[in-house]
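Hi,

Here is the structure I promised to pass on.

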Amino acid sequence: MTTMSGKVCLVTGGTSGIGRETAARLAEMGATVVVVGRDAERGRAAVKEIRHRAPSAEVDLLTADMSSVSVQLSDPVSE
C-alpha cells in the first residue's frame with residue numbers, strides 16, 4: 001500500500017458516501033485528513049468512525065458550506 005505519511009488531505013463532502021470512504025482510506029494510508037462538511041453532527045460522527053478505523057491518524061473536522069464559496073482559478077500555463 002502507498003503511504004501518504006506527511007501529506008495533508010482536505011476532503012470536501014467527507015461526512016458521507018464516497019467522501020467519507022475517501023477520507024477513511026487516506027487516514028488508513030497515513031495522511032493527516034481534514035474532513036469538510038456542512039453538518040457538524042454528521043462531521044463529528046464521520047471523524048469518530050475514521051479515527052476508529054485508523055487510530056493513529058490525525059483527523060480533524062472543518063464545518064463549512066463550500067457551495068457558497070466563489071473561487072477564481074488562474075491558468076498557470078497561459079501566464
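Below is what turned up, starting with the salt bridges and ending with the pocket.

A word on the ground rules: this is a predicted model, so local features need pLDDT of at least 70 and side-chain atom pairs count only at pLDDT 80 or more, while totals for chains, interfaces and linings use all residues. Residues are numbered from 1 along each chain as its sequence is written, and side-chain values use heavy atoms, with hydrogens and water left out.

Salt bridges

Side chains of opposite charge can pair when their charged atoms come close. A salt bridge here means a side-chain nitrogen of Lys or Arg within 4 Å of a carboxyl oxygen of Asp or Glu. Searching the whole structure gives five of them.

Take Arg 20 and Glu 49, whose closest N and O atoms are 2.8 Å apart. This pair links distant parts of the chain, 29 residues apart: Arg 20 sits in helix α1 (residues 17-28) and Glu 49 in helix α2 (residues 40-53). (Helices are DSSP runs of H or I, at least four residues, numbered from the N terminus.)

Glu 28 and Arg 53 also meet in a salt bridge, at 3.1 Å from N to O. Glu 28 is in helix α1 and Arg 53 in helix α2, so this pair ties together parts that are 25 residues apart in sequence.

Arg 25 and Glu 21 make a salt bridge too, with 2.9 Å between the closest N and O atoms. Both lie in helix α1, four residues apart, which is about one turn of the helix.

How exposed are these residues? Arg 25 is partly exposed at 49% relative accessibility, and so is Glu 28 at 35%. Partly exposed is the range between buried (under 20% relative accessible area) and exposed (over 50%), using a 1.4 Å probe and protein chains only.

Put together, Arg 20, Glu 21, Arg 25, Glu 28, Glu 49 and Arg 53 are linked in a network of salt bridges.

The largest pocket

A pocket is an open set of points on a 1 Å grid over the protein atoms alone, where a 1.4 Å probe fits, with protein on both sides within 12 Å along at least five of seven lines; lining residues have an atom within 4 Å of a point. The largest one is lined by 13 residues, and Gly 13, Thr 15, Val 36, Gly 37 and Arg 38 lie nearest its centre. Its lining divides into three nonpolar, six polar and four charged residues, with Asp, Glu, Lys and Arg counted as charged, Ala, Val, Leu, Ile, Met, Phe, Trp, Tyr, Cys and Pro as nonpolar, and the others, Gly among them, as polar.

Cheers

Definitions and conventions:
Helix = DSSP H or I, 4+ residues; strand = E, 2+ residues; numbered from the N terminus.
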